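Good morning, and thank you for coming. I shall present one protein chain, beginning with a single residue and then widening the view. Please look at the sequence and the structure now.

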Amino acid sequence: MAKKEETFHHRASLKQKHKSFKRRFATKNSMRDKAKGRTQRASVKGKVQRKHSRADRRNAVRTEQRKKREQIVLNTRIFSGRHRAPKMVAVIPLCADTDTTEIVRRLYAGAEEEFPENAAKTQRVLNVQRFKQTVRFVEVKRNLLDILDAAAVADYMVLGISAQVEVDAFGEQCLAAIQNQGHAAVFPVAQGLDLVPVKRRGEVRKSLQSFVQHFFPDADRVFSVDTDAEALSILRMVTSQVPRGIKWRDARPYMLAESVEFEPSAEDAQTGRLAITAYVRGANLSANRLIHIPNHGDFQIECIYNVPVAVEAAHGSAIEEDDEPVVLDRPDAALQDSLLAANEPDQLANEQTWPEDEEMAGWEAQMAQMEDEERRATADGERVVRVPRGMSSYQAAWIPDEDSEEGSDEDSDDDSMMGNDDDSEMGSGAGSDEDEDEEEYEELRIDANGRPVGSTNGASVADASEVGDDNDDADMPTAEEDLVQLRAYLAEREKQNRDDTQFPDEIDTPMDTAARQRFARYRGLQSFRTSPWDPYENLPLDYARIFQFENLRRTQARIQRMSEDAAARVGTHVRIVLRAAPAQAAADFSGDRPFVVYGLLQYEHQMSVMHFTVTRNDEYTAPVRSKDPLVVHMGFRRYNVQPLFSQHLRAGSNGVHKFERFLKPGVVSVATVFAPIQLGAVPVSLYLPSSVDASGPTLVGTGTTLDVNPARILAKRIVLTGAPFKIHKRGAVVRFMFFSPDDVNWFKPVQLHTKYGRIGHISESLGTHGYMKCIFDGPIKQMDTVCMNLYKRVFPKWNTTLWSEHQQDEEQRLQWIAPVDTESKAEFMEL
């Protein structure tokens with residue numbers, strides 16, 4: 001039988017093959033094998049999708065349009081009708097030669113109305129019959145505080161710029177402050193264009209428009225009021241547009257006062273009842289809430305009266321006179337907010353422990369010594385102070401008593417307001433020898449007036465009656481000495497800032513003090529983001545005085561719903577009577593300066609731990625350190641604060657954030673202070689208490705309120721460094737990190753790392769000079785540096801106070817006024 005002849009077949013190149021990873025082409029067996037017994041449950045979440053008809057889609061669009069129209073009508077309803085509220089227009093001068101009164105006069109001429117010459121600058125009300133709208137002009141001078149107050153309550157802003165004089169540094173600072181605070185629609189008005197040659201007017205307009213758009217991109221045109229037609233176009237846009245709101249402002253009621261009356265009480269002529277007449281704007285006002293007056297604080301409402309004002313006639317009849325005031329709302333004693341801002345901590349509620357006999361041993365001698373020192377300090381007002389040798393009695397009088405210093409503890413560096421913390425840690429040691437202390441310091445006895453009485457070291461001093469007051473004046477440092485000391489202080493701060501940038505958080509271990517004692521309050525963390533840290537352990541006493549929310553968002557939503565049911569509706573002309581208001585508040589009311597009052601939401605008077613983001617101003621280059629005194633403008637409130645800065649990063653599971661010694665440029669940081677609660681996102685601006693130049697207040701940084709959270713942990717880090725002495729494979733002998741074997745054994749559980757990325761731990765101590773054997777996850781280099789991170793929680797200080805113009809000296813008050821406006825400065829000081 002012949003063998004069957006074999007034939008050769010080519011592989012089919014056009015055969016279609018399904019991609020195995022595509023689910024739709026997989027077989028049932030392959031899907032079952034891939035699932036390995038798992039079953040998939042179909043999701044039941046979400047709405048059932050069904051196909052809508054064409055008519056249903058049209059109805060949905062019409063419903064959305066109707067809702068938008070209703071919202072627009074609701075927003076514009078308060079500006080229409082017989083009892084309509086006026087739209088507030090702030091007229092802000094940006095140049096030294098800007099005349100705001102002339103701008104308002106031109107607008108009156110455009111509406112063909114007579115200009116009220118005798119009316120106050122903030123009380124001129126224009127009734128535009130042509131558009132059936134009312135406009136109130138708020139003219140301000142070149143005062144940054146007045147400009148911010150006017151811009152905060154204005155529906156529109158008219159920025160007065162000059163076609164001949166450039167906007168100076170103060171004007172640019174005002175624009176930056178308005179931009180950060182939030183603003184309404186802007187109308188830039190150029191004055192003096194008629195004096196510019198016709199060929200250059202277009203070029204000047206383009207230049208001014210480019211400048212304005214740098215701060216306000218929506219301003220696409222520069223207006224002029226040289227003719228009545230151009231003035232009328234501005235009024236047409238103001239009356240026809242819907243005012244653009246500011247979210248943080250519209251969340252609470254605010255009022256621009258028309259009149260203020262004060263009635264002193266029978267007990268004290270400096271306090272009494274304060275009646276404020278104004279239109280309610282923003283949100284509805286309740287008599288159970290508090291009223292905040294800038295520069296004066298928060299006050300309770302006694303009563304709210306409805307004072308209707310008829311702007312125009314009804315049905316062609318004559319305009320009616322104002323009706324009698326009607327009681328609109330009275331506070332409920334059970335629901336009215338209290339003026340109690342902080343709790344009174346009960347120290348007896350803490351854990352009570354009875355000391356043992358060993359702990360009591362030695363207390364009798366200490367008590368006798370303390371009583372003796374107190375007896376010496378209180379005798380004839382005399383006290384003994386320890387001062388550097390050569391210090392004058394005038395300088396010694398300003399040194400506080402160590403025993404009476406409030407809040408002192410073992411770690412004195414944390415209580416230093418000027419940051420002596422880092423000075424001591426950055427140095428080579430924790431202290432000096434006793435012999436050096438005796439040579440550099442002496443004890444000086446001074447009386448209640450600060451005059452020297454005697455020397456405890458046996459040195460004789462002249463009798464105070466023989467020395468006289470002339471000697472005390474001679475001991476005062478001269479202006480040249482003050483300047484030298486200030487320059488030395490600023491140079492030291494600059495050096496510390498530079499060291500912190502180059503070697504962040506690195507310090508030298510003290511050689512004459514045990515590291516386990518010097519860093520007793522620090523702890524090691526294996527992971528900065530996940531290692532557990534109880535936020536309620538070892539809290540200071542100030543944390544017993546604050547308030548905390550269980551759920552901030554839910555509380556804020558409930559407060560917003562409550563404000564919708566308040567009696568005083570938006571757009572109502574009311575008279576608010578406040579209790580126990582100071583007479584100075586009525587004296588501050590002037591027709592040339594805006595007098596603005598704000599209604600607080602519930603709980604916004606209570607103190608808590610406030611956090612707000614801060615971005616440093618690029619134009620301010622001096623170092624800004626934690627605990628430096630600053631002035632914060634938080635929305636409509638201003639405070640003197642000394643904030644702590646920390647990193648603005650997403651926290652781990654433990655809620656720990658790294659403390660920053662300095663406010664770094666180009667990085668968003670978080671500032672923490674004790675302050676009254678501020679609900680919602682509110683703009684924040686930080687200024688120096690005293691300006692460093694004559695161009696205006698010094699802006700340090702800007703930001704936004706972040707959270708009200710006392711449980712946020714600010715962990716201060718220090719880095720102890722050592723140098724490799726001998727290296728053998730993964731092991732190394734490290735020195736200069738500690739100088740005692742006891743310290744090595746104390747910090748043995750803390751993890752080590754190197755600047756080149758190696759991780760290790762201490763194995764054992766070697767010798768008696770602090771050498772230690774360490775094991776790493778790989779070989780290290782001789783040029784590497786071994787580091788150990790230690791952390792300690794820091795807390796803000798209870799030093800937040802209300803900022804007031806009346807508490808500032810003349811230099812601090814004048815920094816808010818434009819330097820070239822000498823007339824305004826003179827009038828401001830008279831007020």
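Let us begin with Gln300, which, when its neighbours within four places in sequence are left aside, is in contact with Leu290, Gln336, Asp337, Ser338, Leu339, Val577, Leu578 and Arg579; contact means heavy atoms within 4.5 Å. Before I continue, please note that this is a predicted model, in which local features need pLDDT of at least 70, side-chain atom pairs count only at pLDDT 80 or more, and totals for chains, interfaces and linings use all residues. Residues are numbered from 1 along each chain as its sequence is written, and side-chain values use heavy atoms, with hydrogens and water left out.

Where in the chain is Gln300 found? It belongs to strand β11, residues 297-306; strands (E, at least two residues) and helices (H or I, at least four) are DSSP runs, numbered from the N terminus. Gln300 counts as buried because its relative accessibility is 17%, and buried means under 20% relative accessible area, with a 1.4 Å probe and protein chains only. A polar atom of the Gln300 side chain lies 2.9 Å from the backbone oxygen of Asp337.

I turn now to two cysteines. Cys774 is buried, at 0% relative accessible area, and Cys787 is also buried, at 3%. How many disulfides are there? The count is zero, where a disulfide is a pair of cysteine sulfur atoms within 2.5 Å.

Finally, the whole chain. It has 22 helices and 33 strands, and 43% of its 831 residues count as buried. Of the contacts between residues at least 6 apart in sequence, 75% join residues at least 24 apart.

Key: Buried means under 20% relative accessible area, exposed over 50%, partly exposed in between (1.4 Å probe, protein chains only). A polar contact is a pair of N or O atoms within 3.5 Å; within protein, one must be able to donate a hydrogen and the other to accept it, and residues adjacent in sequence count only if both atoms are side-chain atoms.
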